[in-house]
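Dear colleague,

I am handing over a structure that may be new to you, and I would be grateful if you could look through it together with the notes that follow.

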Amino acid sequence: MKQNIEISKIATLPTRNGTFKIQAFKDGIQENLAIFTDPLPEIPMVRVHSECVTGDVFGSQKCDCGSQLDATMKMIAQNGGMLIYHRQEGRNIGLVNKVNAYALQDQGYNTVEANVHLGFNADERTYDAIEFILNYFNLKKIKLITNNPSKIANIKGAQIVERIPMITEPTECNKDYLSVKKAKMGHML
Ligand SMILES: [Zn+2]
């Protein structure tokens with residue numbers, strides 16, 4: 001179990017996708033969020049959404065993060081569950097490296113090639129903060145909303161009893177990104 005995690009109180013968060021509760025978890029410099037329905041069902045839907053400021057906030061069409069976030073929040077509001085906002089920007093390479101990777105993509109590299117060119121693995125994310133949050137809420141069994149086999153393999157702390165696929169409409173800009181996710185990273189799209 002991790003030590004020295006600062007945990008906020010629980011507050012109400014009305015959003016365009018429904019009204020949720022929110023609680024923040026600070027682990028070193030990384031501040032993650034649990035956004036959840038009250039009450040939580042016995043086997044809640046859980047989505048671990050990795051931070052993507054360009055997609056989530058600015059509506060970037062280079063990836064599907066923004067539309068996935070909206071669709072997930074609607075699904076969770078309807079069915080009960082939890083969105084964990086996992087602040088590992090750019091598959092955990094940070095914004096400077098992510099924008100440099102985008103610059104390489106402007107020159108024709110795909111998302112995986114660009115990361116590798118910068119000296120990173122295709123995916124640098126870690127999931128121990130997620131395990132802490134699942135344990136904190138005592139979630140023993142979850143239905144994980146994901147297309148990513150690496151999340152299924154790496155998320156510990158609760159038993160994944162069902163996988164719920166997350167399908168969003170490809171756009172002209174992100175269809176290459178999505179095909180790389182499928183071909184190179186094994187996403188179930
Ligand atoms: Zn994104």
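Helices (H or I, at least four residues) and strands (E, at least two) are taken as DSSP runs and numbered from the N terminus. This is a predicted model, in which local features need pLDDT of at least 70 and side-chain atom pairs count only at pLDDT 80 or more, while totals for chains, interfaces and linings use all residues. Residues are numbered from 1 along each chain as its sequence is written, and side-chain values use heavy atoms, with hydrogens and water left out.

On the pockets (a pocket being, on a 1 Å grid over the protein atoms alone, an open set of points where a 1.4 Å probe fits, with protein on both sides within 12 Å along at least five of seven lines; lining residues have an atom within 4 Å of a point), the largest is lined by 23 residues, with Arg16, Asp56, Leu69, Asp70 and Met73 nearest its centre. Two or more lining residues come from each of β2 (11-15), β4 (30-36), α1, α2 and β6 (81-86), and α2 contributes the most, with five residues.

The second largest pocket has among its lining residues Lys62, Tyr109 and Cys173. Here α4 (94-106) and α8 (175-185) are the elements that give two or more residues, and α8 gives the most, with three residues.

Finally, Cys52 and Cys63 are both buried, meaning under 20% relative accessible area with a 1.4 Å probe and protein chains only.

With best wishes

Conventions. Buried < 20%, exposed > 50% of the residue type's maximum accessible area, 1.4 Å probe, protein only.
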